[in-house]
Amino acid sequence: MGFATPTMRLARAHYELVVAHCLDGLPDEACGLFAGPLAQNDDGGRGDGLSTEPTGEITAVYLTTNADASARTYTVDSRELIKAMRDAEKAGGALVGVFHSHTHTDAYPSSTDVRQATYPEWIYALVSLKHPEPVLRAYRIRDGEIAEVAVEITG
Ligand SMILES: [Zn+2]
């Protein structure tokens, strides 16, 4: 059992922002978005030269509001989502993933998370606050299938 592609590469400063945002959100789940470049050479076989596959490199993190204000579910505030999308595109990249916290369960997608995973090209990161030391893990979720991707904390 290997990891799915791509490896998510997150700067330590971004990792710390993500974890702090999750802790700040307690007792509710917290959420946010990741931006980064898209792969240049792989068009996914469509032949149009365009790719929607992230390289895995994270160049910006957006800390967003959980519109559900819930300890069990999350929805990224829609205005903040659009704002982050525009900002990421202005920087020449795209939104490539989302993170949210699990306050009392493992860093693994719930059945609700799988059902709501609408972007097959995105990286879905989970931060578990179940134990004193937060745990971040990341996944691709495609057609209801969960595949873990490796996370590399850089810098
Ligand atoms: Zn969840």
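This is a predicted model: local features need pLDDT of at least 70, side-chain atom pairs count only at pLDDT 80 or more; totals for chains, interfaces and linings use all residues.
Local features require pLDDT of at least 70 and side-chain atom pairs pLDDT 80 or more, whereas totals for chains, interfaces and linings use all residues. Residues are numbered from 1 along each chain as its sequence is written, and side-chain values use heavy atoms, with hydrogens and water left out.

Histidine 100 is buried at 3% relative accessible area, and histidine 102 is buried at 4%. Here buried denotes under 20% relative accessible area, exposed over 50%, and partly exposed the range in between (1.4 Å probe, protein chains only).

The whole structure contains 0 disulfides, a disulfide being a pair of cysteine sulfur atoms within 2.5 Å. The sulfur of cysteine 22 has its closest cysteine sulfur in cysteine 31, 8.7 Å away, which is too far for a bond. Cysteine 22 is buried, with 0% relative accessible area, and cysteine 31 is likewise buried at 0%.

Pockets and cavities were located on a 1 Å grid over the protein atoms alone: a cavity is a set of points where a 1.4 Å probe fits but cannot get out, a pocket is an open set with protein on both sides within 12 Å along at least five of seven lines, and lining residues have an atom within 4 Å of a point. The largest pocket holds about 250 Å³, and its lining divides into 8 nonpolar, 3 polar and no charged residues. Among the lining residues are Leu33, Tyr74, Trp122 and Tyr124. The second largest pocket holds about 210 Å³; 2 nonpolar, 7 polar and 3 charged residues line it. The largest cavity has a volume of about 40 Å³. Its lining includes Tyr74, His100, Asp113 and Tyr124, and β4 (94–102) and β5 (123–128) each contribute at least two residues.

Two peptide bonds are cis: threonine 5 to proline 6, with omega near -5°, and leucine 26 to proline 27, with omega near 10°. Proline 6 lies in strand β1 (residues 4–11), whereas proline 27 lies in the loop between α1 (12–25) and β2 (31–36). Helices (H or I, at least four residues) and strands (E, at least two) are DSSP runs, numbered from the N terminus. Alanine 69, in the loop between β3 (60–64) and α2 (78–90), has a positive phi of about 45° and is exposed at 54% relative accessible area. Aspartate 143 has a positive phi of about 50°; this residue is found in the loop between β6 (135–142) and β7 (145–154) and is exposed at 82%.

Conventions:
Grid points are joined across faces, edges and corners, and a volume is the space filled by probe spheres set on the points. Ala, Val, Leu, Ile, Met, Phe, Trp, Tyr, Cys and Pro count as nonpolar, Asp, Glu, Lys and Arg as charged, and the others, Gly among them, as polar.
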